[in-house]
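Okay, thanks for coming, everyone. I'd like to walk you through one model today, strand by strand and contact by contact. Have a look at the screen and we'll get going.

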Amino acid sequence: MKRKITYMMAMFLLLFSFVEIHAAAQGKVTTSEELYIVFVVDHSGSMNSRDGEKLISEGLKAFVDTMQNEKVQIGYVAYNDKIIISQSPVSVQIGEQCTRLKELIDSSPNGGETDIGLGISEACRMLEGVQGKRMIVLISDGETDLENSTTGRTKEDSDKDIQKTIQKCVEEDIQISTIAFGEEYGADAEELYDLSLKTNGKNFLLQEPDGLLRILCDLFYSGASYSVYEAGNSIYDKGSQKISYESADCFDELSILFLSNKEIENIDILWDGRTENMKQTEQIKPIIEGKYAIAGFRNVNGNFSINFDTEQKQKMMVFVIGRRSILPVIEWKEEPDKNRLIEFQITFEYENGDAAESLNYDSNTWEAAFENVQTGEIVQPEITENAQGLSGTVNFESSGEYILYLKSQDILHSIYTISGINILNTLPASTSSKEIELLTVSGEQAVDLNEYFADADGDALSYELQEAPEEIVKAELKETTLLLEPKGRGRGEIKLLISDGEGSLIGTIPVRTKYFLEAYWQIVVGIVCVLVFCIIKFYRRKREIPVPEKLEAKTEYSFTGKLNAYFTVLPDGFDEIPPLTFALHPVREKKIALSSMFSAYPNMIDLLMLDNVYLFPAENRKIILYQDSDAAVMIGNSIVCRRMQYIVSYGNVIYITSKDGSCELEVHYISMI
């Protein structure tokens, strides 16, 4: 247990040393806004056995000290079944505030029950109105438990607070990252995992202490090139100990961090190296704070000789934290698409935009991986190192948002990231409107569906037969082949559900059966041609109306579920529109236009052309989307074409963007439960 707690201390010191940098396909976007962190720490009675030496508090205080040169404000909430201590975020660059914050962290006792809803709702309240990047970090060894609480609150009260806080954090882009702390979890970690998942935060489940530091370094990555190196980790006898370390020559800042399970008495660091303008030898005394100590350097390199005294069986871990003020930039030879080998180039720049010249690209071994944010899928690119940078090729087989992780095998194993790489999925489309013609006296005919439908991304298509005119043909589907046997004279449409593995739509193939004589009598053929021409003209004219008549005739299905609507972008000068909810199950009509749901906002109806976006009930609690507007309409990552039918299932999100891009609407189709 003590070893786990000691590793947990290291986590806090490293947790937010990593500042996220987003890079677009042809450049970079750097966020310089201030980071606001609120630590929400469980101080219930069970923490006495989990952390009897209060090393979590020691780790938090050490973290505060390491961040004094950063644009960070830190708040603190200690809770059990009550709020023990509540401190709004303060700048750790101000000495008095930093000292006061550490005193509060150190003074939090353990005892009582656990009320997670109370703790995180207090943290969310602290971040209201704050301008900048906001984050809550919840640390707990279990789930909400108020069975023996004397406060009068119940688990139901806490759960309501959790749901309200989740909703508020989602609306205001506040991430909640959670750390399940302890040895045996069972279901205890589920509540924490749910919190992080719904707020786009991160979740940790510590099972083996040796894996904690690796998880943290992988998850809390650094676009600004923070790197962590474990210079020492041992249990010592009583006496004087020595560790030697040689720094890399390309770090702007360097910190040496000491963590121990006992009070640290004495540390001496002898540095033999140079700064930017001079070479020198200096003896340095780090700042010692109980069970941790820290020493910081700027623009230095050279050799470090670290000497410290230990008691019998005293554990000492020594970490070296380095920082380069450089940013990775990725340039694509072509716009990245699915199922296509794309070339890219990676270079590095300083924060002022100047190129970084001394990274020794070709003298290090580099590792790279693209991760799909939604699915966690890892795509491994081919990377080549050279003196100018890194070049590579990659093939994305799935759509979604990707993050590129880079790792250099230099002395500090530097980690870099580039995020905001979006790969879109294009839904299948009809490639032929040719009518299938059969004679009533002919036998079975096979139709290759891949001649009628194709996918622009090159995805393999799968088909499901939805409807066929049984009085005309008998239809049977075998993989991508449609078998048709004529039954009677006439014309109709065969409807198929077409999927590329990520999205689906309903496509139609016109089919016609005729008598044998019709194929050879010129007069009849001429008449038929005239009729076909008239029918096609009539059919096309019918296709011009917003809604196909065949859909309106369906009465066997009813609407279910509900729609949640969010205006994510509004034109300049418009007041904010709150989230809207529309229950569908009371609707008895078999067709509704989206405009009917937004009658209170006529300007938005006109701007988004919602009069031309329709919904129809379908089987299995699905709905069919049909649109004939100039607005940009998407289902998830898939583009919706005009005048085609698309299946929408529970959990799908419809995105509608006005033609001029000034207004965006998200519509979530979910169940009533």
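So, strand β4, residues 133-140, pairs with β5 in the parallel sense, over 6 bridges. Pairing here takes at least two DSSP bridges between the strands, and the strands (E, at least two residues) and helices (H or I, at least four) are DSSP runs, numbered from the N terminus. Before I go on: this is a predicted model, so local features need pLDDT of at least 70, side-chain atom pairs count only at pLDDT 80 or more, and totals for chains, interfaces and linings use all residues. Residues are numbered from 1 along each chain as its sequence is written, and side-chain values use heavy atoms, with hydrogens and water left out.

Back to β5. Which residue is the bridge partner of Ile139 in β5? That's Ile179. On β6, residues 203-205, Ile179 stands opposite Phe204, and β5 and β6 run parallel, joined by 3 bridges. Then β4, helix α6 (residues 155-172) and β5 make a right-handed β-α-β unit. Right-handed means that, with the strands pointing away from you, the path from the first strand over the helix to the second runs clockwise.

Why do we call β5 largely enclosed by the rest of the structure? Because 6 of the 6 residues in this strand, 175-180, are buried. By buried I mean under 20% relative accessible area; exposed is over 50%, and partly exposed is in between, with a 1.4 Å probe and protein chains only. Remember that in a regular strand the side chains alternate between the two faces of the sheet. In β5 both faces are covered: Gln175, Ser177 and Ile179 are buried on one side, and Ile176, Thr178 and Ala180 are buried on the other.

Next sheet. Here 6 strands form an open sheet, antiparallel, in the order β34-β33-β42-β41-β38-β39. At the edges stand β34 (580-583) and β39 (638-639), each with a single partner strand, so one side of each has no neighbour in the sheet. Inside that order, β33 (residues 562-569) and β42 (residues 664-670) pair antiparallel over 7 bridges, and Phe567 stands opposite Leu665 in β42.

On to the rings. There are 12 aromatic pairs in the structure. The rings of Phe, Tyr and Trp (for Trp, the six-membered one) pair if their centres lie within 6.5 Å; planes under 30 degrees apart are stacked, over 60 edge-to-face, and the rest tilted. One of the pairs is Tyr236 with Phe308, edge-to-face, at 5.4 Å centre to centre and 80° between the planes. This one links distant parts of the chain: Tyr236 is in β7 (residues 226-236) and Phe308 in β14 (residues 301-310), 72 residues apart. Are these two buried or exposed? Tyr236 is buried, at 14% relative accessible area, and Phe308 is buried too, at 1%. Elsewhere, Trp332, Phe344, Phe370, Phe396 and Tyr402 form one aromatic cluster.

Now the charges. The structure holds 23 salt bridges, each being a side-chain nitrogen of Lys or Arg within 4 Å of a carboxyl oxygen of Asp or Glu. Let me pick out a few. Arg100 forms one with Glu103, and the closest N and O atoms are 4.0 Å apart. These two are 3 residues apart in helix α4 (residues 95-106), so about one helical turn separates them. Arg100 is partly exposed at 46%, and Glu103 is partly exposed at 45%.

Glu311 and Lys238 form another, with the closest N and O atoms 3.4 Å apart. Glu311 lies in the loop between β14 and β15 (314-323), and Lys238 in the loop between β7 and β8 (239-246), so the pair ties together parts that are 73 residues apart in sequence. Lys238 is exposed at 59%, while Glu311 is partly exposed at 33%.

Then there's Lys285 with Asp268, where the closest N and O atoms are 2.7 Å apart. Lys285 sits in the loop between β11 (279-284) and β12 (287-289), and Asp268 in strand β10 (residues 267-274), so parts 17 residues apart in sequence are tied together. Here Lys285 is exposed at 54%, but Asp268 counts as buried at 17%. And to finish on charges, Glu128, Arg134, Lys168 and Glu172 are linked in a network of salt bridges.
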